[in-house]
Amino acid sequence: MSYPKNFLWGGAIAANQAEGAWDIDGKGESICDHKRGGSLKKQRVFDKVILEDEYYPSHEAVDFYHHYKEDIAMFGEMGFKVFRLSIAWSRIFPNGDETEPNEAGLAFYDKVFDECIKHGIEPLVTLSHFEMPYHLVKEYNGFSDRRVIDFFLNYTTTVMERYKDKVKYWLTFNEINFATMPFGGLTVLGIQNENDEDNMALRFQALHNTFIASAKTVVEGHKINSEFKIGCMLAHMTFYPLTPNPEDMLLVQQWDNLLNNFCGDVQVKGKYPYFMSEYFKDNNIDIVFEESDKELLKEGKVDFYSFSYYSTNCASIDQGREMTMGNLMGGIKNPYLEASEWGWQIDPTGLRYTLNKLYDRYEVPLMVVENGLGAVDVVEEDGSIIDDYRIDYLREHVIAMNEAIEDGVDLFGYTMWGCIDLVSAGTGEMKKRYGFIYVDKDNNGEGTLKRSKKKSFNWYKKVIASNGVDIA
Ligand code: P53
């Protein structure tokens with residue numbers, strides 16, 4: 001086994017899926033606060049105005065806002081070296097376009113980071129995890145308006161300045177590459193067009209503006225503290241050709257370029273890749289670059305590449321194949337893989353492949369900042385939760401990462417997604433659970449919010465204590 005000595009083991013959450021306290025201490029509404037609960041079969045409804053009688057899972061979530069001490073203590077008990085969380089932008093700038101921050105919001109994260117430090121845990125902060133203040137959607141149509149770049153910079157420099165001695169690791173935009181697909185328009189970029197129609201040209205322009213916001217954050221961050229490590233974050237979508245048909249292979253390459261390599265190249269290499277020119281031409285997209293943009297992208301290259309990895313999918317030019325729900329991509333079922341109850345195909349070997357592929361392309365340190373199994377857990381009579389299926393999933397991925405490290409990949413950390421149960425981003429459910437820590441709450445919002453350890457809690461504790469050796 002060969003995990004490096006200072007490997008960053010830990011877990012990850014996002015503010016909107018865990019904190020709750022959606023309108024407390026001056027917090028403004030964010031995009032997520034407008035989403036109702038759904039399920040695998042029922043899409044989440046987005047209400048432009050929050051309705052009295054509807055249930056919005058983010059409003060209370062698992063109330064990390066009031067339980068953070070207890071939760072971080074449990075992460076400490078597991079031996080976490082790192083804890084990934086996001087700052088809710090609308091806690092700091094409730095509308096997004098104010099000039100002065102909300103002190104109560106800043107004070108909350110001071111307490112959270114102090115608690116992490118007390119337990120020897122390094123915080124890793126996502127600056128934007130699907131959480132733009134909703135006011136910026138309504139008034140500016142999100143990042144389609146360049147003024148939002150300045151609002152974002154005001155927010156990021158405020159928090160980086162405030163926490164410069166407490167936080168060293170930062171990520172700019174969560175799963176930024178979702179913006180290459182229509183559903184990322186609102187989620188990542190904050191664009192909401194009439195009738196919710198997708199406007200491709202506007203979406204790719206907004207993505208460009210988001211790249212600029214990210215690059216400027218990197219540049220300013222390094223000025224605030226030269227020790228900062230600032231990364232990008234992508235939902236890596238790994239595809240295999242369904243058959244040896246060369247057309248399938250070509251399709252994989254084209255999807256990989258658009259869905260993964262485009263955003264990765266801009267943020268790591270600091271320039272638009274050659275293959276996007278043809279795509280833009282074919283789709284009548286003409287990206288407006290302001291004078292200094294090219295230079296900025298070059299200056300604002302990230303220090304490391306991070307990504308989420310849950311599953312893989314197949315691609316085939318023959319459209320009639322059975323689809324899975326994995327990665328919202330409508331990929332095709334792989335006959336060699338099992339899927340989770342939510343249709344996400346489980347593929348640890350694909351993680352080793354993906355790590356090698358990314359390291360070959362970028363030659364920068366990599367971090368897996370999301371990975372895990374969303375599953376239904378059963379609480380036994382005596383209160384125990386025997387989640388062997390989760391342990392099996394994680395063990396296989398821990399082995400795959402180890403193999404990638406042996407292959408020579410520079411992988412420096414791993415944060416398991418949803419280390420404490422939280423609201424699912426895709427479906428809004430509580431019952432799609434990821435945690436080592438169970439939270440007593442159901443899909444309708446009922447429950448005591450009491451925390452308890454699952455079997456995987458002690459398993460992960462051993463994994464960390466042995467630095468990835470004791471994985472039985
Ligand atoms: P949930 C879809 C596909 C891959 C990653 O997802 C995704 C999504 C969005 O649902 O998002 C990331 O909760 C995201 C997290 C999210 C996690 O994956 O749908 O960064 O916010 O919770 C898992 O099971």
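Author: A salt bridge is taken here as a side-chain nitrogen of Lys or Arg within 4 Å of a carboxyl oxygen of Asp or Glu. The model is a predicted one. Asp377 and Arg390 meet this rule, with a distance of 3.3 Å from N to O. The pair links distant parts of the chain, since Asp377 lies in the loop between β9 (366–370) and α13 (388–407) while Arg390 lies in helix α13, 13 residues apart. Both Asp377 and Arg390 are buried. For Asp377 the relative accessible area is 8%, and the cut-off for buried is under 20%.

Asp377 also forms a salt bridge with Lys454, where the closest N and O atoms are 2.6 Å apart. Here too the pair links distant parts of the chain: Lys454 sits in the loop between β12 (451–453) and α14 (455–465), Asp377 in the loop between β9 and α13, and 77 residues separate them. Lys454 is buried, with a relative accessible area of 2%. These pairs belong to a network of salt bridges that links Asp377, Asp387, Arg390, Asp421, Arg433 and Lys454. In general, side chains of opposite charge can pair when their charged atoms come close.

Across the model, the count by this rule comes to 31 salt bridges. One of them joins the side chains of Glu54 and Arg36, at 3.5 Å from N to O.

Val62 is buried, with a relative accessible area of 1%. Leaving aside neighbours within four places in sequence, Val62 is in contact with Gln17, Ala18, His67, Asp421, Leu422, Met430, Val439, Leu449 and Arg451. One of these contacts, Asp421, is a member of the salt-bridge network described above. Between Val62 and Asp97, by contrast, there are 35 residues in sequence and 28 Å in space, C-alpha to C-alpha.

Gln17, a contact of Val62, is also found in the lining of the largest cavity. The search of the whole structure finds three cavities of 30 Å³ or more, and the largest holds about 90 Å³ of space. Its lining is made up of Asn16, Gln17, Cys32, Lys35, Arg44, Ser58, Phe130, Val423, Ser424 and Ala425. By class, these are four nonpolar, four polar and two charged residues.

The second largest cavity has a volume of about 70 Å³. Of the 13 residues lining the second largest cavity, Ala15, Asn16, Lys27, Ser30 and Asp33 are the closest to its centre. The elements that give two or more residues to this lining are α1 (15–18) and α3 (89–92). By class, the lining of the second largest cavity has three nonpolar, five polar and five charged residues.

Helix α13, which carries Arg390, also contains His397. His397 is at 0% relative accessibility and counts as buried. Apart from its neighbours within four places in sequence, His397 is in contact with Tyr309, Ile346, Asp347, Pro348, Leu351 and Asn371.

Helix α12 (348–362) is one of the elements that each supply at least two residues to the lining of the second largest pocket, the others being β6 (238–241) and α9 (246–269). This pocket has a volume of about 280 Å³. It is lined by 19 residues, and those closest to its centre are Val252, Gln253, Asp256, Asn257 and Asn261. The largest contribution to the lining comes from α9, with eight residues. The lining of the second largest pocket divides into ten nonpolar, six polar and three charged residues.

Helix α6 (residues 147–162) has 16 residues and reaches 23 Å from its first C-alpha to its last, close to the 22 Å expected at 1.5 Å a residue. Its buried residues are Val148, Ile149, Phe151, Phe152, Leu153, Tyr155, Thr156, Thr158, Val159 and Met160. The buried residues of α6 pack against α3, α4 (103–118), β3 (122–128), α5 (134–140), β4 (169–173) and α8 (200–224).

Notes. Residues numbered from 1 in each chain as written. Predicted model: local features only at pLDDT ≥ 70, side-chain atom pairs only at ≥ 80, totals over all residues. Heavy atoms only, no water. 1 Å grid on protein atoms, 1.4 Å probe; cavity = no way out; pocket = protein on both sides within 12 Å on 5 of 7 lines; lining within 4 Å. Points joined across faces, edges and corners; volume = space filled by probe spheres on them. Nonpolar A, V, L, I, M, F, W, Y, C, P; charged D, E, K, R; others polar. Helix = DSSP H or I, 4+ residues; strand = E, 2+ residues; numbered from the N terminus. Buried < 20%, exposed > 50% of the residue type's maximum accessible area, 1.4 Å probe, protein only. Contact = heavy atoms within 4.5 Å. Expected span 1.5 Å × (residues − 1).
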